[in-house]
Amino acid sequence: GRLRGGWALPSIGGSQYVLTRTIAREVRSLQPAIRYLGEHGYGRGPGNLGLALRSFISSYDRFPANQDSQLVDVITAAEALLGTESEITFRLAFRVAGMLGRTAAERVQVFNDMKRFYDVRSKIVHGSMLTRWRPAMLARTDDARDFVGRLLAAFVRLAASSTPTRYTKQFFEEDLDAELQDEQARRRMLRELGIIGS
């Protein structure tokens, strides 16, 4: 009854994770939703929510913790949530920017960042060297993780909610791009998803 095992994994690459009070509150608030999804499945969530969550968790769990593997996991999670079969780089960047950027300038920044993150991820999975601006983007893997983490929190709550909503799996597959074009509709959706405040 007194034997304990285990060890700490050394940190190789990436940044140190710091659990703040704000993050702890967010985690506690998500626990019932995660528990519900674990018992009932992820089918109601947008995209492939189960794969998105597993990939996102892998961005923390991989050993060694190299930023290239972490970015591949993070972008895989983003694709599982909001990816499409055509024009993937543009549409993924457009969707993430439309959902997370609060102002027009912020949307432009997120759009450009996501396009570059996706480019770096593609170079990594195809075994290419990272040249020019790409090493700097790889060093910002935590920014990509923040974007995807914010979307995951909203989608986990949505998938576990018992409140009827128009934001169904089908909505995210067929209507999201058009919704992001209408500022009032976009803001209404982001409020309901809890991405922005009331």
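How much volume does the second largest pocket have? About 160 Å³.

## What you're looking at

This is a predicted model, where local features need pLDDT of at least 70, side-chain atom pairs count only at pLDDT 80 or more, and totals for chains, interfaces and linings use all residues. Residues are numbered from 1 along each chain as its sequence is written, and side-chain values use heavy atoms, with hydrogens and water left out.

## The second largest pocket

A pocket here is an open set of points on a 1 Å grid over the protein atoms alone, where a 1.4 Å probe fits and there is protein on both sides within 12 Å along at least five of seven lines; lining residues have an atom within 4 Å of a point. Its volume is the space filled by probe spheres set on the points, with grid points joined across faces, edges and corners.

The lining of the second largest pocket includes F94, A97, R107, F111, L180, E183 and R186. Elements giving it two or more residues are α4 (88-100), α5 (104-125) and α10 (183-193), and α5 gives the most, with four. Helices are DSSP runs (H or I, at least four residues), numbered from the N terminus. By type, the lining splits into six nonpolar, two polar and four charged residues. Ala, Val, Leu, Ile, Met, Phe, Trp, Tyr, Cys and Pro count as nonpolar, Asp, Glu, Lys and Arg as charged, and the others, Gly among them, as polar.

## Salt bridges

The whole structure has 13 salt bridges, each a side-chain nitrogen of Lys or Arg within 4 Å of a carboxyl oxygen of Asp or Glu. E183 and R186, both in the pocket lining, form one with closest N and O atoms 3.0 Å apart. They sit about one helical turn apart because three residues separate their positions in α10. R186 is buried at 1% relative accessibility, while E183 is partly exposed at 34% (buried is under 20% relative accessible area, exposed over 50%, partly exposed in between; 1.4 Å probe, protein chains only). R107, E183, R186 and R187 are linked in a salt-bridge network.

Elsewhere, R134 pairs with D119 at 2.5 Å between the closest N and O atoms. R134 lies in α6 (residues 134-138) and D119 in α5, so the bridge ties together parts 15 residues apart in sequence.

## Around A160

A160 is in helix α7 (residues 141-160) and is buried at 18% relative accessible area. Beyond neighbours within four places in sequence, A160 contacts A33, Y36, L37 and R44 (contact means heavy atoms within 4.5 Å). The C-alpha atoms of A160 and A33 are 5.3 Å apart, although 127 residues separate the two along the chain.
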